[in-house]
Every structure is written in structure tokens, then in C-alpha cells.
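Please look through the structure shown here with some backbone and sheet details in mind. The questions that follow take them up one at a time.

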Amino acid sequence: MVSPLRLPTLASLFSPSLTRRSTVSLRRRLHLRPPLAAGFSAQSAASSPPETEGRVENKKSSGVQDRANTDRIITPRSQDFNAWYLDVIANAELADYGPVRGTMVIRPYGYAIWEAIQDYLNVKFKETGHSNMYFPQFIPYSFIEKEASHVEGFSPELALVTIGGGKELEEKLVVRPTSETIVNHMFTQWIHSYRDLPLMINQWANVTRWEMRTKPFVRTLEFLWQEGHTAHATPEEAEKEALKMIDVYTKFAYEQAAIPVIAGRKSKVETFAGADKTYTIEAMMGDRKALQAGTSHNLGQNFSRAFRTQFTDENGQRQHVWQTSWAISTRFVGGIIMTHGDDAGLMLPPKIAPIQVVIVPIWKKADEKTGVLNAASSVAEILKTSGLKVKLDDTDQRTPGWKFNFWEMKGVPLRIEIGPRDVSSGSVVISRRDIPGKQGKVFGISMETSILEAYVKDRLDEIQSSLLQKAIAFRDSNIVDVSSYEELKEVISLGKWARGPWSASDADEVRVKEETGATIRCFPFEQPQGTKTCLMTGNPAKEVAIFAKSY
């Protein structure tokens, strides 16, 4: 039995104790080949037809390269969730570390997942009346100081530029932590009359926040996001916009990422610095910690008053605009990993997978190769023409068994195997990523265009639905209703989410965090009926809140 190898690559990168010597060591380790877990080799062989089994064993015995793959094994998720997460990121080639502690390089496969998120949201933003644009990443420090709670909230995380062109700057510049200030500076120049409203824009950009404790994708010094900013003539319009955008995020999470988030309102303590209200989508990760996966803020008139962003209304009166801002970032990629992944690596929902189907041709003799590759190419073309994202892995540098494990680790939803017997029978073998072993493998699926296309699309839809239902079941089984503080503490100590009536003070909320490590994740939009009594004070409560430890 091969004992799990914990790769220090990303763990060390995102640790404060990174040294020059360990950096050199990390660089060497990252060039190891992708993993081929012994357990999965056995599983693939056990569930393969005779010709596949023979081919895998034959090629394994003839090559040294594949033996080197046992050097990289993913730590079991149940054994060490954080080590598993970092192993998956490294092995699945999602990201690498940057030269500055706490930064990361998003590799093509990881970026492709982010592009899938962008593609969906871009359409939704434009459908809801928003236009893309771009603001500078350098912001005068005086802008940040104009809104008191904003500067107080962000000051510890700011990255400042004090020298430019070899000279000390007259005013230090902030490297964009968020853009409410510079957006308002420009809105003030663009908005004059009620006819200029609503003004609704979005930008895709990078953001810098000097985090002390970092985790790749989830919390890094620099990350990618979209941030929407809107200005309205009335508070009702701004509130409607803030709720509409959190609904866009909720639908994305459920329908595309298969993550069953809970949407709700943040407590006053957890509200964005400078906002009147913050709405959020909270996701339960595989270790039962909460991930704030997206937020939408009703900014009221806080920034418009600070920047004097005004308009002349229909009665000729000068009014301050009412504003919103909302964002989702690359931390959602981390959420996808931690929601669906298993001991074998990534498990990607088909709708956001960079590759939905991988085709692995299998041949033993030289005279079989041409026929198998021609059939594999034909199948790939059929599926690509139908609009699917397909990868034909026709390299002969790796064994079929290595390829099976590699693409499983990268989370590809479906694998198609084609060997000489399949070519003769005009059929293929199809394996599902979400159902391991024989249970997920089906033989004899016809290569005939209409049959194959329909079968593959149906299976992808099933996988998408199955991942969501599995995540819902996991979430619901780990949320416990509580009616007292003692019950809350017990539930949190078990690593679960506690849900209970709450009307206590901000000080009581801070006490909960200090004593349990849990925070109010949100007051869910979906509230139970009936009378409620605050779990902390015993006073009447209008809402239940969800408490959990979080990233």
C-alpha cells in the first residue's frame, strides 16, 4: 500500500514560513508528473473489458515513466482536508505559486473554469442592463479616506504605492482593493440629471488585498473578480437591484456550479464597510466550513454623499444617488473544488467543466492503431459538432490506465474508451466521473451519431443534477436547528452549521465569534413561520440566523 504523499508546493507557498531554500525545493517538486494512484489503477483494471486490462498491464510493464507517477498521490480528503485541497490544485494543474508570498499563478485549466464562470455571468449582466467597462487599478489615497467606515474596514488590507518613476509621489496610491471610491469619482462627472439614471456598469478586474492568512483561490493577495456598480434615483430602485443581482448569483451557483448556496442578508457586524445592507450567498464546503461565495451591497447614499454624486430630479431638486455594488471572484473556483471533489481529485459539474468528455483510444498492436484513432477522431468530431467540449487524448506517451486516472483527477465528467473490439462492433465504452468503478461504466453504446450524441448529453445532464442533489443532501444533513446558546456551541463544536432565532446585540454576536469561532453567515431569505425566541436572550425574534465557521 502506498502511503499518501503530502505535496508542500502550495501549502508552503501560502505559509508565512516560506524560505528561499524551501522555494527551491518546491520548484523541483512541482515538476513531478501527475499522480497515478495505485488504488485507482486497480479499480480501472477491474472495471475494464479484457482487452483494456491486458493493454494497461502490458504498457505499464514496459515503461519507467508510469512508475514515477506513484510519487504523486492525493492526500485522502477525510484524512486532511487542507492537504487534499492543495494536492488537488497542484495535481490538477489549476494553479501554481507566485514569487510573492500569498500570490498565485492561475494555470490554463484553472483559468478555463474561471472563463466558464465569466461566460455565464457576462450574458446575465448584459441581459439585466449592465455594460462592461474598466477603471484604473491605482486609486488616490484621499479617495479611500472620504468614506469613514470604508477606510476603517479596508485599511489593514491596503497595498500602497509611494514611489513612481524613481521619485516619491506627492500622494500615495492605493492598489485597487475594490472600486466604490474611484467609481463614485467618475459617476460624479457623468451623472447630472435624472435622465442619466440608472447608470449600471460592470468590470472584470484584479484586486489586491494584503491578507495575512492565505489559501489559494479562497484568499490570496491578488485575485480576479467582477464588480458591478449602479446608481439610481430612488432607494427602492437600489434595493431592487441589490436583490436582483444576488438572485443572479444564486441561480448561477445552483444551475451551473451545482452548489446549493443559502441566500440571505448579512448581520450588521458582517456588512460590507460602507454599505447599508449586504446580501450574500453562503456555500457549505466538504469540510462543512462556510464559504461566502458572492455578495451584493445596497450602498444607500454613503458614497454619493462622500463624493457628492448628485443629480437634478424631475422637480429640479438636487439629490444624491442611491447605489449598489456586487461581486463574485475566483474564490468560487475554490468553492467548486471543495464542494464536489473526492479522493481521486476534482469532480467538475459538466456546465462549467473545461473538458466535458475525454476520449481515450486503446490499441495493443501497431496494425490496430490507425483504425482505433480514426474511430476516436470520428467520435470526437460528432460530439464537438453537437456543441460539447471534447478532448481526444491520442498521445502514445502514456498508458490508457495512466490517462484514466489523470483525467479522473482533473474532474472530466465523462470518459469514452475505444479499442479494436469497439471499432469492430461500432460501439464505445462510457464511464462517469461521479460514479466510480463498474457502476459508472457502460459498454456497447453505439457510435451512430444521433444515438451517441443523445446518450452523452443525457448522461452529462444526469451528472449535473446528481452533483447538485448530493451537495444538497450533504448541506441539509449538516445544518442543525438550535434554540439555546448551549445548543449552538455544541453544534459548532461538532463542525456543523447552527440555525436558530436571533435578535441579540452586536456585542452578543461578537461574543459568539470569540467563544466558538463561528459567525452569523446570514439571515436566510427563506424563513420559518411562527413565533420565535432569541436563542441568546430569550426575547422575541423575527428571524433565524445561520452560524458557522468559515473561510
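Q: In which loop is R288 found?
A: In this predicted model, R288 has a positive phi of about 75° although it is not a glycine. R288 is found in the loop between β10 (277-284) and β11 (290-300).

Q: Is R288 buried, partly exposed or exposed?
A: The relative accessibility of R288 is 26%. Buried means under 20% and exposed means over 50%, with partly exposed in between, and therefore R288 counts as partly exposed.

Q: Is A258 buried or exposed?
A: A258, in the loop between α11 (235-255) and β9 (262-265), is a residue other than glycine with a positive phi, near 55°. Its relative accessible area is 0%, and since buried means under 20%, A258 is buried.

Q: Which residue is joined to P198 by a cis peptide bond?
A: P198 lies in the loop between α10 (180-190) and β7 (199-208). The cis peptide bond, with omega about -5°, joins P198 to L197.

Q: Which are the edge strands of the five-strand open sheet?
A: The sheet has mixed pairing and the order β16-β15-β17-β18-β19. Each edge strand pairs on one side only, and these strands are β16 (390-392) and β19 (441-446).

Q: Which residue in β16 stands opposite V358?
A: Strand β15 (residues 357-361) and β16 run parallel and are joined by three bridges. Opposite V358 in this pairing stands K391.

Q: At about what angle does helix α17 run to β18?
A: Helix α17 (residues 449-477) lies across β15, β17, β18 and β19. Its angle to β18 is about 5°.

Note on methods
Residues are numbered from 1 along each chain as its sequence is written. This is a predicted model: local features need pLDDT of at least 70, side-chain atom pairs count only at pLDDT 80 or more; totals for chains, interfaces and linings use all residues. Side-chain values use heavy atoms; hydrogens and water are left out. Helices (H or I, at least four residues) and strands (E, at least two) are DSSP runs, numbered from the N terminus. Buried means under 20% relative accessible area, exposed over 50%, partly exposed in between (1.4 Å probe, protein chains only). Two strands pair if DSSP finds at least two bridges between them. Contact means heavy atoms within 4.5 Å. Axes are lines fitted to C-alpha atoms, for helices over the stretch in contact, and angles run from 0 to 180 degrees between N-to-C directions.
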